[in-house]
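Hello,

Please find the structure below. My notes on it follow.

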Amino acid sequence: MARIVVDPVSRIEGHLRIEANLEGGKLTDAWSSGTMFRGIEMILQGRDPREAWIWAQRICGVCTMVHAIASVRAVEDALQIEVPDNARIVRNIIAGAQMVQDHVIHFYHLHALDWVDVAAALKADPAKTSQIAQSISDCDKSSAKYFKGVQQRVKGVVDSGQLSLFASGYWGHPAYVLPPEVNLLAVAHYLEALAWQKDFIRIHAVLGGKNPHPQSFLVGGMSTAMDPNEPAAVINPERITFLRELVRGAKKFVDDYYIPDVLAIAPLYKDWFARGEGLGNFLSYGDYSSGDQSDPKSFLFPRGIVMGRDISKIFPVDPSKITESVAHSWYEYTNGDGKGLHPSHGETKPKYVGPKAPYDHLDVDAKYSWLKAPRYDGKAMEVGPLARMVVGYAAGKKEIVDSVNGALKALNAPPAVLFSTLGRIAARALECQLMANQLEGWVNELDSNQAHGKTAIFNPVKWDPASWPASAAGRGWHEAPRGALGHWVEIENKAIKNYQAVVPTTWNAGPRDEGGQRGAYEAALLNTPVADPNRPVEILRTIHSFDPCIACAVHVIDAQGREYTVPRVA
Amino acid sequence: MLAPETDLGKALEARGITRRQLVKFCSVMLGTLALPERYLAQTVAAVTKAKKPVLVWLQFQDCTGCSESMLRSSNPAVADVVLDLLSWEYHEVIMAGSGDAANKALERVVKEEKGKYLVVVEGAIPTADDGMYCTIGGRTALDIAREVCGNAAATIAVGACAFDGGFVRSQPNPTGALGAHEAVPGIKIINMAGCPHNPANTAAVLVHYLTFNDLPDVDQYNRPLFAYGRIIHDQCEKRAHFDAGRFVTEWGDEGHRKGWCLYKMGCKGPEANFNCPVVQWNDHTSWPVRAGHGCIACASPRFWDHMSPFYERLPNVPGFGVDVSAGEIGLGLTGAALAGVTVHGLIQLIKPAAPENPPVAPTPGTGKEN
């Protein structure tokens, strides 16, 4: 038996370490460890809840803004503030744009190199690549000349002997099976996506001043004042025209590049429709309301739970059943680590008991991660695009059912293939398309409201802390690109008393709990064949299919944190 | 003004870049750096050297927002930076290799490029409890930073966290987080403060380094003067409203819809140094004040603790005067008109004196332009 260690896992957000046992060419066990802690928990205590979103947003710069929206929702819930319709729409556009851009970046820049051999693209015939490109998409850039140009650029880099970011790849690994022409196609689209993502995300600059970390949320609405007759208003007819241009461009990119590329590459890796199955339990809080944000029936992505891969049943989400365990996490609970705690009375007391650095292996029988282990009704759950598509499919949400069935038909495969590494990739692409289709509708709603003189975008009634009750508590949920995100806040004497976030990657990447139950990554790696323990590309394929975000996951906000003095290095 | 060079032309062609594109890019960089155009030929030559200088990008206690910000770079586009301008050999969020392959790439650079490579640091460095709050490949961030920054030609600290510990160091600083220059004292470093850093400025520093083999001139916080030499308030598009006394007093009110000054809503622009209003974000599309929200002074020292509460009006925040002295803030805040001379004086500050013979790195001017 060999122990494989992958640390750092690159092409993710944050610091993740995977240890796994290899026996007879397959993984027999796996452990997922987050290796960075910031202690954001202690930092929010006593601060103004109206600015909590500015702080909470810094939990992550990849899924930027998702913690901002969850934070303002939590405080608005606590103070019982209803936001104007325009604020709901602008938040949907900002969050939807984030989802579309984030998913595209994930596929091309964080995940593709697990499937695409960049070096092999040099052997491609550009004319054949052109034929393939034209057979799968209406995309403009598909001439043999264009692909020859890309190939020359790659050749220039390779010939220089300075391969830059590509120097450390597993090129030539037998697990790469794409024909050279498809590799060239994917490399070309890697570069196209890199150029596209920065152009599209100007939508966050228009509606938030910048990306990452847009700066336009307010407890009670948005700072993006609307006025059809003011050139200096943040939202006016001119800006609406620009927003429309951007969202149409996004839809075109997803339709012309992302979806065709996924559908072209997936059938060439069919084995991966039966690997990386994972837990089979799925949780979605649901989000993206078409009207009343407090009514889950109005959501684009439904709220619900599917257990044991049984899509014939869907269960409601009961917030009281969420707990977090620290039995294998570098924390301690006041009343012992044997039982999980609900986020509303959670604790974050760091207690590092791992090996002293530099170390070769973690003590996986004891505590081994900075992530906690969230559980729903005691069960480990998977969250994210696959969870949303599975829950939406089980709920019979028409757009989702049509989208999933369309893809299954194109791949000539049954629904069971969804529960796999490739299933996660396909689900992410499909929901990206659903969202890209949705964005223009929201821009139109904003336009219509403005044209009808409905320009309110902020509710001022509770801005003044003097209007607040002595104490209040609230919950803010959001379906972030990586899955179900929840913030819990407790306010007392105009200040934050307690703040907790339970984050998508904590659900997926968390360690075992007190019962030894594996987290989603750990479960998904079981039985994965690994051809070469020194180049474990197979581990990367499944882990990347979840799109890890460890900065988010490492546990986060609980303003009850202990106070202690910090030893300083001289 | 550029003499034709056959080799250069071929080199560009091999990289799929037209000469016109290259010259345009170099002109933009010179503009950002506030350097005279006569450096153009030298800059063009520097960015097309046969062997590209090596860069490694380290991520510690970060949110990856500064990496993402770099990906949004538009002039130059990030692909041009990582493939053409430099050999970008280690950067966890986008590099091909993981685990051993990644660690070996970093080891190779430290050993074979010793003293020659650039290192970018993103995120704070935890120093409490033996640095165990951040490990990569089983090594602590502190251990890695000491080795990699210690052997580099220069360190570029991007974002508030790498600058001075940023968000992670906010009270009560649970992990003993520090900025790179404090965690690894004595290294040659430039601080690209901001949350996140602005990629236009960081790209300009890279080009400056390639052109002059040195870092641009810096202020007392090691921030480059070209980007941090002026107060936001003095460059703000809403400044005329401030001077005329037209303020937003409630979110969504008439003044807010008309784009008036956000000072009374807590804007920290009057005491924040940054070229944010000028270079803006995301291909010069906008910046936070234009999105209707006050500035939070994200490029100022220890801004999280010093400039919050963010909705509290100046000067009722603890850091009043940290980044900008009361004199520099001007009389504006007390109601009198700000002397016009301030703007002029600051422009002179960031314009380098004209050395007679490039390639000497420019030094801060004494007031004489060009």
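Which residues in helix 5 of chain A meet which residues in helix 6 of chain A? They are A:Pro126, A:Ala127, A:Thr129 and A:Ser130 in helix 5 of chain A, and A:Ala144, A:Phe147, A:Lys148 and A:Gln151 in helix 6 of chain A. Two residues are in contact if their C-beta atoms, placed from the backbone, lie within 7 Å. Helices (H or I, at least four residues) and strands (E, at least two) are DSSP runs, numbered from the N terminus.

Before the rest, some notes on reading the model. This is a predicted model, in which local features need pLDDT of at least 70 and side-chain atom pairs count only at pLDDT 80 or more, while totals for chains, interfaces and linings use all residues. Residues are numbered from 1 along each chain as its sequence is written, and chains are lettered from A and ligands numbered from 1 in the order in which they are written.

Confidence

The model scores ipTM 0.95 and pTM 0.92. For chain A the mean pLDDT (the predictor's confidence in each residue, from 0 to 100) is 94, with 97% of residues at 70 or more. Residues 557–570 of chain A have pLDDT below 50, and this stretch has 38 contacts in the model beyond near neighbours in sequence. For chain B the mean pLDDT is 84, and 80% of residues reach 70 or more. Two stretches of chain B deserve a note. Over residues 1–6 of chain B the pLDDT stays under 50, and the model has five contacts for them beyond four places in sequence. Residues 329–370 of chain B also have pLDDT below 50, with 59 contacts beyond near neighbours in sequence. Where pLDDT is low, the predicted coordinates should not be read in detail.

Two packed helices are described by the angle between their axes and the distance between the axes. Axes are lines fitted to C-alpha atoms, for helices over the stretch in contact, and angles run from 0 to 180 degrees between N-to-C directions. Angles under 35 degrees count as roughly parallel, over 145 as roughly antiparallel, 65 to 115 as roughly perpendicular and the rest as oblique.

Helix 5 (residues 126–136) of chain A packs on helix 6 of chain A at about 120°, with the axes 8 Å apart. Helix 5 of chain A is therefore oblique to helix 6 of chain A. Their crossing is right-handed (a crossing is left-handed if the near helix is turned anticlockwise from the far one by less than a right angle, and right-handed if clockwise). The residues of this contact divide into four nonpolar, three polar and one charged. Here Ala, Val, Leu, Ile, Met, Phe, Trp, Tyr, Cys and Pro count as nonpolar, Asp, Glu, Lys and Arg as charged, and the others, Gly among them, as polar.

Helix 6 (residues 144–159) of chain A also packs against helix 7 (residues 180–200) of chain A, at an angle of about 85° and with the axes 10 Å apart. That makes the two roughly perpendicular. A:Phe147, A:Val150, A:Gln151 and A:Val154 of helix 6 of chain A make the contact with A:Leu184, A:Val187, A:Ala188 and A:Leu191 of helix 7 of chain A. By class, this contact has seven nonpolar, one polar and no charged residues.

Helix 4 (residues 85–111) and helix 9 (residues 237–265) of chain A pack at about 25°, their axes 11 Å apart, so they are roughly parallel. The crossing is left-handed. A:Val100, A:Val104 and A:Phe107 in helix 4 of chain A meet A:Ala250, A:Phe253, A:Val254 and A:Tyr258 in helix 9 of chain A.

Sheet and local geometry

Chain A has an open sheet of three strands in the order 1-2-3, with antiparallel pairing (two strands pair if DSSP finds at least two bridges between them). Strand 1 (2–6) and strand 3 (26–34) of chain A stand at the edges, each with a single partner strand, so one side of each is left without a neighbour in the sheet. The peptide bond from A:Asp7 to A:Pro8 is cis, with omega near 5°, and A:Pro8 is in the loop between strand 1 and strand 2 of chain A.

The two chains

In the interface, 84 residues of chain B are in contact with 89 residues of chain A.

Regards
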